[in-house]
Amino acid sequence: MKVIELHKSVTESNDKDAEVLRKELKEKGVFLINLMSSAGSGKTTFLSKTILDLKEDYRIAVLEADIDASVDAEKIESLGAKSIQVHTDGMCHMDAGMTRRGLEEMGLEEVDIAFLENIGNLICPAEYDTGASKNVMILSVPEGDDKPLKYPLMFQTSDVLVITKMDTLPYFSFDLEKCTERVQFLNPKINIFPVSAKSGEGMKEWEEWLIEETRKWKE
Amino acid sequence: MHELSIVTHVAKTLDELAEENHISKIGSVTLEVGEVSGIMTDYFEDCWNYFKVKHPLLKEAKLKIEIIPAITFCEDCKKEYETVKYGKICPHCGSEHTYLKIGNECTIKEIEAETEESQG
């Protein structure tokens, strides 16, 4: 036996797959968003509102990977977006290979924006590159402003933080300023959008970001 | 929390390496695991032993784990300290402006392998 030195990251095979997928999506003009959050953060409601607002101008698709999301897939389709349920069999995250299989099964023809609804937790999904163009995470007001302290990696790897359920702010001791400060300390480049999908507050700013980034991706 | 999927990614990397280098058998795999990488080494070993018997290349591969101690660097006083003992706040000057220098990684350091050449 001989010793072979490698010094390779254990996720290297995934990182390579993710790069290849990202390149292919760029060529096809599909803007893929990896959407991460805890379970119950209002992800599906937020997505539904986004689809309703943008479906006239963009062809939207949703890859549902959350374990409890079969109901969500039907809801998304009723709004007029393409949707597929990925059966993750209890896995705690999506990797690039699983994302590719889901996208291929769904078909990427006539898609401008695709959302990957990742598994609902703030730990494992942050460690795997899915091949997405951008990472977006959702934190809801009832979850609390201390989450950046507890799950720093998730906030560090995200390009956008959407704070949902802003209409419930009067009922919780959620300090938006403190939360923003904590998040920006971890990740100075992050875009933060406080929204309420229910009242529509803040949705316009988020959608403008999405439209602009999609335009850049398709160039 | 995702030890088994890390095992499958390691296997994939080694499969590719084996093909490029005509490796027929792997005797051992040494991983460097950071103290705060979030990987439970006991559980990782269980996953390894469960997985390897199903994977011809790794069937006889022993897993060796080397722990890398976590070190945090303070941007204010420019000193280093043990992450696990003190956390985010610098014990030298009390600053919060600190970042993890090492201890979050998980890498395949080396393997012991039999190649077709070394056999013949």
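Let's start inside chain B, where strand β1 (residues 23-34) and β2(B) run parallel and are joined by seven bridges. Keep in mind throughout that this is a predicted model.

Where does β1(A) come in? It pairs with strand β6 (residues 106-115) of chain B, in the antiparallel sense, over six bridges. One place to look is K2(A), whose bridge partner in β6(B) is A113(B).

| Strand pair | Direction | Bridges |
|---|---|---|
| β1(A) and β6(B) | antiparallel | six bridges |
| β1(B) and β2(B) | parallel | seven bridges |

Put together, they give an open sheet of four strands with mixed pairing, in the order β1(A)-β6(B)-β1(B)-β2(B). The edges are held by β1 of chain A and β2 (62-68) of chain B; each has a single partner strand, so one side of each is left without a neighbour in the sheet. On average, neighbouring strands of this sheet are turned by 25 degrees against each other, direction ignored.

**The contact between the chains**

How many residues does each chain bring to the contact? Chain A gives 20 residues and chain B gives 19 residues. On the side of chain A that touches chain B, β1 (2-9) and α1 (12-28) each supply at least two residues. The largest share of that side comes from β1(A), with eight residues. Sorted by class, the side of chain A that touches chain B holds nine nonpolar, six polar and five charged residues.

**Chain A and its helix pair**

Chain A has eight helices and eight strands. Its radius of gyration is 17 Å, close to the 17 Å that the globule rule gives for 219 residues, so chain A is as compact as a globular protein of that length. Along the principal axes, its C-alpha atoms fill a box of roughly 65 × 40 × 35 Å. Of the 219 residues of chain A, 44% count as buried. Among contacts in chain A with a separation of 6 or more, 77% come from residues 24 or more positions apart.

Besides supplying residues to the side that touches chain B, α1(A) packs within its own chain. Its axis and that of helix α4 (residues 96-106) of chain A come within 8 Å and cross at roughly 35 degrees. From α1(A), the contact is made by N14(A), D17(A), A18(A) and L21(A), and from α4(A) by A96(A), G97(A), T99(A) and R100(A). The residues of this helix contact divide into three nonpolar, three polar and two charged.

**How confident is the prediction?**

The model scores ipTM 0.82 and pTM 0.85. In chain B the mean pLDDT is 91, and 97% of the residues reach 70 or more. Which elements of chain B have the lowest and the highest mean pLDDT? Helix α4 (residues 116-119) of chain B has the lowest, at 66, while strand β4 (residues 80-82) of chain B has the highest, at 97. Where pLDDT is low, the predicted coordinates should not be read in detail.

Methods. Residues numbered from 1 in each chain as written. Chains lettered and ligands numbered in written order. Predicted model: local features only at pLDDT ≥ 70, side-chain atom pairs only at ≥ 80, totals over all residues. Rg over C-alpha atoms; globule rule 2.2 N^0.38 Å. Buried ≥ 20, exposed ≤ 12 C-beta atoms within 10 Å, placed from the backbone. Contact = placed C-beta atoms within 7 Å. Nonpolar A, V, L, I, M, F, W, Y, C, P; charged D, E, K, R; others polar. Pairing = 2+ DSSP bridges. Axes fitted to C-alpha atoms, helices over the stretch in contact; angles between N-to-C directions. pLDDT = per-residue confidence, 0-100.
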